[in-house]
Amino acid sequence: MKSYLIARNTFREATRDRVLVGLCVAGAVAMLATLGLSPLALGEGQRLTVDLGLSVISVLGMLAVLMVGTSLVAKEIDRRTIYNLLSRPIARPVYLVGKWAGLTAALWTVAVVLGLVLCGLLAIGGSAHLAPAILQAVYMSGLELSVVTAIAVMCSALSTPVLSALYTLGFYCVGQWSYDLRGFAAQFPDALGVTLRVVADVVPNLPIFNIRTLAASGEVTSAFHLMIATGYAVLYVGCVLALGAAAFQSRDFK
């Protein structure tokens, strides 16, 4: 219940933030702009609109995590509201989970709104049959944002906003290349290869959430893929929040 109340307050604070509103407007404008580029795509206008639209959702979601998520705890410390919260019978892990849940809900809301805008634009253009594939891709983007948000909240609980943003961005970039890292590991000497494999296993396996190419072709992924991706996201988020909570538990705010 306490975690729910913290999540609700965080959701309200995030959705009232001008950053999220601005990103929503920017995303809608960018999707409208893709319609203007469609005639230049040599018959691939539909694919271009879907691919760019889904990329906009992913990129803007990541920007929101960097601009809002990495300063969640720091803002509370600056305003000194965290002292009032933690002086009450609220466990620090509960506080951290509530923060993650509230921001994640706000990001899912942004992703769904932009996904519906994209579906609406395609329906106007006579491509309403792509809606199931787009909604699947939006769902996967939401899972990806949930994972990255957990990393941002963990970093926010341990470091300054600037360093948290850098750490989160580093995890995101390396996570996007985790498949390539495993490929490189097989070509390097043993010691370096093992190091690369460990890094590839520790960072989030973000390519598992990327089905934009499939959606651009109007195809949906399998239920098994959705189940594996969902299970992986839940497990990874749980591990990251557990690590963050353990470190946050011992942090001294004096």
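Figure 1. The structure, a predicted model, holds 3 cavities of 30 Å³ or more. The elements that contribute two or more residues to the lining of the largest cavity are H1 and helix H4, which covers residues 72–79. The volume of the largest cavity is about 70 Å³. Its lining consists of Thr-10, Glu-13, Ala-14, Asp-17, Val-68, Leu-72, Lys-75 and Leu-103. H1 supplies the largest share of this lining, with 3 residues. Sorted by class, the lining of the largest cavity comprises 4 nonpolar, 1 polar and 3 charged residues.

**Figure 2. The largest pocket and its lining.** This view turns to the largest pocket, which has a volume of about 250 Å³. Helix H1 (2–16) and helix H6 (92–124) are the elements that give two or more residues to the lining of the largest pocket. The greatest contribution is that of H1, with 7 residues. By class, 5 of the lining residues of the largest pocket are nonpolar, 2 are polar and 5 are charged.

**Figure 3. A nonpolar patch on the surface.** Val-162, Leu-163, Leu-166 and Tyr-167 make a nonpolar surface patch of about 390 Å². One of these residues, Leu-166, belongs to helix H8, which spans residues 161–176. Leu-166 counts as exposed because its relative accessibility is 52%, and the cut-off for exposed is over 50%.

**Figure 4. Ala-26 in helix H2.** Ala-26 is located in helix H2, which runs through residues 18–37. The relative accessibility of Ala-26 is 37%, so this residue counts as partly exposed. That class lies between buried, under 20%, and exposed, over 50%. Along the chain, Ala-26 and Leu-60 are 34 residues apart, and their C-alpha atoms are separated by 8.6 Å.

**Figure 5. Ala-137 in helix H7.** Helix H7 (residues 131–158) contains Ala-137. Ala-137 has a relative accessible area of 3% and is therefore buried. Between the C-alpha atoms of Ala-137 and Ile-57 the separation is 9.9 Å, while the two residues are 80 residues apart along the chain.

**Figure 6. Trp-100 in helix H6.** Trp-100 is part of helix H6. Helix H6 covers residues 92–124 and also contributes to the lining of the largest pocket. Trp-100 is buried because its relative accessible area is 18%, and buried means under 20%. Trp-100 and Ser-146 lie 46 residues apart in sequence, and the C-alpha to C-alpha distance between them is 8.3 Å.

**Figure 7. Ser-71 in a loop.** Ser-71 sits in the loop between helix H3 (45–68) and H4. With 10% relative accessibility, Ser-71 counts as buried. Ser-71 and Val-174 are 103 residues apart along the chain, and 22 Å separates their C-alpha atoms.

Methods:
Residues are numbered from 1 along each chain as its sequence is written. This is a predicted model: local features need pLDDT of at least 70, side-chain atom pairs count only at pLDDT 80 or more; totals for chains, interfaces and linings use all residues. Side-chain values use heavy atoms; hydrogens and water are left out. Patches are made of residues with over 30% relative accessible area and no salt bridge: like charges are joined within 9 Å, nonpolar side chains (Val, Leu, Ile, Met, Phe, Trp, Tyr) within 5 Å. Accessible areas come from the Shrake-Rupley method with a 1.4 Å probe; for residues, only the protein chains shown count as cover. A salt bridge is a side-chain nitrogen of Lys or Arg within 4 Å of a carboxyl oxygen of Asp or Glu. Helices (H or I, at least four residues) and strands (E, at least two) are DSSP runs, numbered from the N terminus. Buried means under 20% relative accessible area, exposed over 50%, partly exposed in between (1.4 Å probe, protein chains only). On a 1 Å grid over the protein atoms alone, a cavity is a set of points where a 1.4 Å probe fits but cannot get out, and a pocket is an open set with protein on both sides within 12 Å along at least five of seven lines; lining residues have an atom within 4 Å of a point. Grid points are joined across faces, edges and corners, and a volume is the space filled by probe spheres set on the points. Ala, Val, Leu, Ile, Met, Phe, Trp, Tyr, Cys and Pro count as nonpolar, Asp, Glu, Lys and Arg as charged, and the others, Gly among them, as polar.
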